[in-house]
Structure formats: structure tokens, C-alpha cells
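I opened the notebook today to look at how two chains sit together. Here is what I looked up, entry by entry.

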2 protein chains.
Amino acid sequence: MQAGRVTRELTPAQRIAWLRLIRTDNIGPVTFRQLLNRFGSAEAAIEALPDISAKAGRPMSPVSQARAEDELARLNRYGARIVAQGEPGYPEHLLQISGAPPLLTLAGGERLDWRRTVGIVGARNASSAGIKMTRMLAAELGEAGYSVVSGLARGIDTAAHRASLATGTIAVLAGGFDRIYPDENIPLAHDILDNGGALLTEMPLGWEPRSRDFPRRNRLVSGLSLGIVVVEAAKRSGSLITARLALEQNRDVFAVPGSPLDPRAEGGNLLIQQGARLVTSAADIIEVVSSVDPARQALFEPEWLPDETASPSVEPASDDRSKLVQALSTTPVEVDELIAQTGIAPQVMQILLLELDIGGQIEWSSGQLVALRYS
Amino acid sequence: MQAGRVTRELTPAQRIAWLRLIRTDNIGPVTFRQLLNRFGSAEAAIEALPDISAKAGRPMSPVSQARAEDELARLNRYGARIVAQGEPGYPEHLLQISGAPPLLTLAGGERLDWRRTVGIVGARNASSAGIKMTRMLAAELGEAGYSVVSGLARGIDTAAHRASLATGTIAVLAGGFDRIYPDENIPLAHDILDNGGALLTEMPLGWEPRSRDFPRRNRLVSGLSLGIVVVEAAKRSGSLITARLALEQNRDVFAVPGSPLDPRAEGGNLLIQQGARLVTSAADIIEVVSSVDPARQALFEPEWLPDETASPSVEPASDDRSKLVQALSTTPVEVDELIAQTGIAPQVMQILLLELDIGGQIEWSSGQLVALRYS
């Protein structure tokens, strides 16, 4: 058992506490982990939340126990389950990405191969050639034993899921389980489950996907995959964002080329110029992902997971908070720079940033840089 | 002046002798150079030819003085000239390729930029998209000051020449000056000359191009160019041969991508997978060729050129020739291996191989390996 790695299932009480905490405003995967880091457990963090948010000037309460229990019960009726990071059913590849969701809502996929996975993404307004190419790749990948991951969007995503229904497909949603987007793909979502595929999301029930949720969803599409294939994409498109996220996650990026006269080929051609592998058939993909060096994965240490023991409590000095707020601006800076500038001890700095984070006063970029939120 | 490098014009007598020698059967660029190397001048090689070919068992005479004079006179009437390797008018880039023609027949092109050159090649049965792409690239390269080199074939070649007529274009012929192929491009050849472009060939007047002459022509298209662009090409095509020759000549290779569903894109996509640069516009090409490292050219030393002084004469021992013929087979071997196997001195070996070469008994591959000719 690796140090600090949860390898057992959460107790029912822990699961409710995790759900309450992650469903609370201003608490994303990074803050969630910082809170568990500081307070040792989700239960303890929930206890402390009113107090530390008050210190940051914006008193707030965690989501209620009743609401969390209600979500669990309703998910249950949908045939979906909640899987926590570190539990046996949590997709292994996701453990290695930055900002992995503490909890996933997941339905189906019990017999899928979650390790041999390839993501396929592309334009919603795909050409018939793009659709045909996607079907070929998805079917060939499926025949070769790979599960196909995509985002249930129109166009390329839809073609990828449909062509891999029989062999195994994983759809990542940008919204809640009861908010399949687009509506026209609700039948496809049912077909996926009926065929043993999986639907998953990190968003709560009832969440209507907004435009900013799609890049967030895309990081899970690439995070779940050994590599991702871009089939048709314009020069500025969500698919190119997915490709960038995939590279940041140390995933292989593949692109299908096209005529420079076809605007839908611009993104793929650009990716190839930037180093993505040119794909003409599934064999080009399989050749690479079948030999992914296991050592490569180790580039990304699984993120910290709580050992459920509280860290020693430290109390900031009275003027530390104002010193820090003065040092912050809307320009992102590194924490080390803030420490050097303010003289605040690293452990205290961590607590203060956590409070400001929960108070909605700061935001993190790339998990490394911190800045005041535009208000 | 570099050692062994001719930087002056040939005398009229030398020019006739060079022409007689290169127009003689079984004497290609490599043998031509070996003969000048051994005998010090084309005149001396012509004198010696009957004797050394007789030693190889196939007595032969060089092309007559009258025939060479006749070719020169007729070329003159065509407005064409003969340029020898090392003369000021000989294209500089060609000096750096292996097996550069000792003599070129050349018309026009006096004011062309022969140093800033890009070759464009591709399918004869090009699609309209391929033709459009070629026109765009050739026109943009021309506007940027590059001369466009191609092979006057149907399809991509034709589009490349036409789109660069006004800015400068160079057509390399696979046959004689009076044997423009295909017939339909005779008007294009005239247009090229009328617009200050150049036509050139290494083949004699009256030579009908055969299929094996096209790869030979292609090595000149790439040899004249800083880099070559493949626009549309099937998986097994002359254009891919040109790309391979270009790589051997240390030229940059560019390819226009296309949909994997389009068979005409197979060659280009394959080249990109193998390391060719993906091209969507002339800017992609110019970015690379405009910064070709001058040191790169030095990878290829200009080939040996005669200093017109005879090397010391060596006489093979009586049984050396039979020893060598016994050691040779139709499987190509290195000369060093033959030397080790037979014990024949390197200088003697060179003479014997030259005799056998002129006698049509051996053939060279890659200029390095020697084998008995299939008879």
C-alpha cells in the first residue's frame, strides 16, 4: 500500500461528508484536497468551514446532510453510483491528472477495460468524411480491445460512441446525470448503458452544463485515456483545448490530417505541425498506445489523498491575513514568491490561502499560481 | 580556387570532347568522372576508350566528333547551350548531389534566382483541390522570390510551372530538348522560355524519355532545389521516389496533407509520418528554406573535378582481371570487400572496374556497391 493512498471504500458517513464538501460553493478538487490535508477528514473540514470562511470575510455553510443524502438516493434510482478518488472503482488513469475529481458519478461500465482507453474528439459540425473516419477509427480501436472515450457531443463524439457501442464506450458529461446535453443524445446515452458502456460526470445532479463546463469535461476525456485523437477541428476549438490538456496530462495526441483547403482540417494539421502524430488508421494509434511506457505514468504522482489524521493546528498572527491580501493582486503569482515577499511561514500561508479560497477571494491557475479574483 | 575544382569555361575543343565522352554508351556521370580521374582529360579518355573497352571484352568507340559538333550546332539553333559542371553557369545546388551530370543542356533562365529554389512535385492525375493547392503554393513562393522547380509533367507539375511563370520557373526534362513530354506541354515549355524561365536536361537531343528516365530526371528536380514539396501522391509513386532522392541529397522534404479517405493523400501523409514537414501554406516552406544552414550544404563536398593532369599509369597483372570477374556476382558488394577478397591493389582495382563498367559488364548501385549486370 502506497503512503497516503486510500485503497479502501469510504464508509457511508464518509461518503456523505465527501459529497457535502465537494458540492459546496467555491470548493473544487484542489480546495477539497487542501481542506482534507488540513483537517484530516471531510467531516472535520465541514465542521470547520463556517469558522474559516468567516475569517475570510464571507461566512458560508457546507451543503446540508439532507441534500447530500437526497442526491445519493436519486442517483441510486438512476442506477448511478458515487465513486471516490482512491476507491477500487475509481478509474486508474484519472488518479494521475492534476485536479482529479474527488468524487465521480458513474453509471454502467462494470465490465469495461478502463486501462486500455483512447479518447476521440472533434467538431460538432463534422463533415461526412470526418464522421466516416471517426467510425472507422472507433470500430477498429474497439475490435483491438480499446474502450473509446468521448464527450457525448454532436458530430465526432456521437460517431465515436455509436461505432464503439458494441465493444465498449465511455461518455463524459459536462453537466449533471439528469442533464444530458444535447437532448438529441439522450437515446445515445441509454444505448451506451444498455450495451455495457459507461456514463460519468463530476457535476451534481441537476447541473445544467454551461460553456465553461466543457473544457472541464474535456480534461476528464483526456485524463481517462492513454491518448486522444482529434478528428476534425477548427483552429480555435474545444478539441484543440482537449489536445492541450492531454499534452499537459502527458497523454499521446493524435490528429487526422486533411486538405489545407478544408477549414475543418486546420486544427488537426496545426496539431501535427506542433508534434501530434498523424493518423490514417487505428493501427497508427495502437502502435503507440500499446507500448506506453509504464514509467511515463510515474511522471505524475497520484495526488495527495487523506490519511484521515489531522495535521497540527497553526494559528496565523493577527496581521498575517492583511499582509497577504495586500501582497496579492489580480496578476497570478507563485506561492513561494508570496512567502518571500510577506515573510509568512509556509504552513500559515497555506491556511490563509485556503481561507481566502473558500471565501471566494482568490483563484488558482494551473494549480500553482494564485491571484485575487476579479469582483 | 578550391583544389580540383574547375572554375573556368571549357575550351571549344574540351567541350566537344566532354560531349563525345558523356554521349557514349555505358558512360554515365560516375564513369565519366572516373575516366577523367584516370586519364586527366576527356580528350585523353576518348583516345584510351577503344583500348580499355577491348580489355573488358567489348570493344567500343566514343561518339564521333562530327556527331557531337552536330548536337552543339542544333542546340544552338534551339537557343539552348551546353553547360559543364564547374563552369560559372552550372547550377550551384547541383554541384552537391551525387552523380551530378557533367553536362547540362540549358535554355533560358539567365536572370533566374538559381539559389532560392523550391521543387514542387506530385500526381499527374491530380484532383482539382491538389491543383488549387499547387497554384497557391507556387504563386506564394514566387512572390517571396523563390524559383519553382518541377518536371513539366501533367497535373501538379503543370500547375506549379504555370503559377510561377511570371516569377520564375525551372522545368527539368526527362528526354531530349526536342522531345518535350507530354506533347500537350510543348506550349507550356515555350511559355516558360518566353517568361524568362529555364528548361534543362542531361539527355541528348533526340532522346525519347523512357520510364527509367523519370526518376533520373527527378534527382535533378530535387538536386536543383533547397527543398521539395509533394502535393498529391499515391503510396507508390514517382513523387515519393523524388522525396527519397531529396532526403538522400540532404534536401528538406515538405508534404501537403489530405484526408486519409483520399487515396491521393496517402503518399503525402506517409511522408509526414516519416518526418516530412506538414505544409498548409508557402509560409511553412519559406520558414524552413530561408534559414537553410549554409554548413548543411557542406555535408556534400562538390564532387571531384579534373585538374587536367594525368594520374600515373598502372598496369594490372595478367590474372587480376579474371580474379576480379570471379569474385563478382549479381549481388552488389563494396569495393573494399572485393579488394580484401582478391588482394588486388586499390589503384588497380579502380582501373579494372572502370574497364568492366565501360564494357557494360558491371553496374553500380548507390555509387558504392558494384555487381555483375544481368545479361
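**Notebook: the A–B interface**

I began with contacts, keeping in mind that this is a predicted model. I find 17 residues of chain A in contact with 17 residues of chain B.

Next I looked up the buried area. Between chain A and chain B it comes to about 1300 Å², and carbon and sulfur atoms give 77% of that. Which residues of chain A lose the most area to chain B? I get A:Pro260, A:Leu261 and A:Gln273, which together make up 42% of what that side buries.

Then I turned to the polar side of things. I count zero salt bridges between chain A and chain B. For polar contacts across this interface, the rule gives me four residue pairs, with both residues at pLDDT 80 or more.

I also asked which elements of chain A give two or more residues to the side that touches chain B. They are helix 5 (128-143) and helix 10 (266-273). Helix 5 of chain A gives the most, with four residues. Sorting the residues of that side of chain A by kind, I have ten nonpolar, five polar and two charged.

Methods
Residues are numbered from 1 along each chain as its sequence is written. Chains are lettered from A and ligands numbered from 1 in the order in which they are written. This is a predicted model: local features need pLDDT of at least 70, side-chain atom pairs count only at pLDDT 80 or more; totals for chains, interfaces and linings use all residues. Side-chain values use heavy atoms; hydrogens and water are left out. Contact means heavy atoms within 4.5 Å. Buried area is the accessible area (1.4 Å probe) that two parts lose on being put together, summed over both. A salt bridge is a side-chain nitrogen of Lys or Arg within 4 Å of a carboxyl oxygen of Asp or Glu. A polar contact is a pair of N or O atoms within 3.5 Å; within protein, one must be able to donate a hydrogen and the other to accept it, and residues adjacent in sequence count only if both atoms are side-chain atoms. Ala, Val, Leu, Ile, Met, Phe, Trp, Tyr, Cys and Pro count as nonpolar, Asp, Glu, Lys and Arg as charged, and the others, Gly among them, as polar.
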